[in-house]
Amino acid sequence: MAKTAVVTGASRGIGRAVALRLAKDGNNVVVNYLFDDEDYAGTVKEIEALGVKGIAIKADVSKFDEVKEMMEKVKGEFGTVDILVNNAGITRDGLLARMKEEDFDAVINVNLKSVFNCCRHAVPYMMKQRSGRIINMASVVGLSGQGGQTNYAASKAGIIGFTKSLAKEIGSRNITVNAVAPGFVETPMTDAMPQKAREEILGSIPLGRGATVGDIADAVSFLAGEQAGYITGHVLSINGGMYA
Ligand code: NAP
């Protein structure tokens, strides 16, 4: 029977590639998004073309009650939540000395609190069925740190601590919790970076290129699949050798 995967922030970028990859693996997929009213429809169409069910749910993952409602809708539609990919994320870069409080709060809420919100409302279903896979989108920056990204790095380092802790808490229920930590990935998020910064980063990657969204989707697909059943509390770096 097809499993149900929820991918947050799946209207574009990495989330979209992950949603399509999980659909290709035979899972029904819930595409969560917030603003991108045009792009999500295309993602859902492509999911359905792969012969599984796709639905889109608009919800702000930083809001506890909106996520509760979203998970209830998923449960109503599919009867279960088997795979949760916490991917939604934003940046509000700036040097600390000039960072506004609202930019710190927004990044922590969308990137980190969302992971709490989604796990808090999906884990009870997974516990009941005694199985589940949770994959959280961290970043190389959560491991290495990065000037101009104290808010983002804190959110991603927080995700890593959260992942390791929850893995210990719910392993006995056959639920695995892992994180992936991409390096530089070509997406709308990185398209917005200044050209000079992009070139500097690309020049520092031993494998000589940025990641494709497919590179990240492959890793998520592995962690969500049968072969990764004994892996939990792990942080998988996908960064071309940028940071070990
Ligand atoms: P992206 O292209 O900007 O896409 C971000 C996605 O998150 C969009 O689908 C967006 O949907 C959604 N989103 C944003 N705020 C949301 C909210 N409050 N509620 C629900 N959805 C929300 O970003 P990306 O590059 O694919 O990044 C995806 C994840 O990978 C992020 O967690 C990012 O930190 C991480 N990552 C990216 C890179 C990279 O180099 N690109 C590297 C390491 C880690 P709407 O537009 O509809 O709001």
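How many residues surround the ligand, and which are the closest? Keep that question in mind as we walk through this predicted model. The count is 32 residues around the ligand, and the closest are R12, D36, N87, Y152 and T187.

Let us look at who these neighbours are. Sorted by class, the shell around the ligand holds 18 nonpolar residues, along with 10 polar and four charged ones. Several elements of the fold take part: helix 1 (13–24), strand 2 (28–33), helix 6 (150–170) and helix 7 (188–191) each bring at least two residues to the shell. Helix 7 gives the most, with three residues.

Now for some individual contacts with the ligand. From the backbone of G9, an N or O atom sits 3.1 Å from one of the ligand's oxygen atoms. V185 also uses a backbone N or O atom, which lies 2.8 Å from an oxygen atom of the ligand. K156 reaches a ligand oxygen atom with its side chain instead, and a polar atom there is 2.9 Å away. How much of the ligand does the protein bury? On its own the ligand would expose 890 Å², and the protein buries 95% of that.

Seven strands make up an open sheet, with parallel pairing, and their order across it is 3-2-1-4-5-6-7. At its edges you will find strand 3 (54–58) and strand 7 (235–238), each of which pairs on one side only. On average, neighbouring strands in this sheet are turned by 20° against each other, direction ignored.

Strand 5 (residues 132–137) and strand 6 (residues 175–182) pair in the parallel sense, over six bridges. Here R133 stands opposite T176 in strand 6.

Besides supplying at least two residues to the shell around the ligand, helix 1 lies across strand 1 (4–7), strand 2, strand 4 (83–86) and strand 5. Relative to strand 1, helix 1 runs at about 175°.

Note on methods
Residues numbered from 1 in each chain as written. Predicted model: local features only at pLDDT ≥ 70, side-chain atom pairs only at ≥ 80, totals over all residues. Heavy atoms only, no water. Near = heavy atom within 4 Å. Polar contact = N/O pair within 3.5 Å; in protein donor to acceptor, adjacent residues only side chain to side chain. Areas by Shrake-Rupley, 256 points an atom, 1.4 Å probe, with all protein chains shown as cover. Helix = DSSP H or I, 4+ residues; strand = E, 2+ residues; numbered from the N terminus. Nonpolar A, V, L, I, M, F, W, Y, C, P; charged D, E, K, R; others polar. Pairing = 2+ DSSP bridges. Axes fitted to C-alpha atoms, helices over the stretch in contact; angles between N-to-C directions. Contact = heavy atoms within 4.5 Å.
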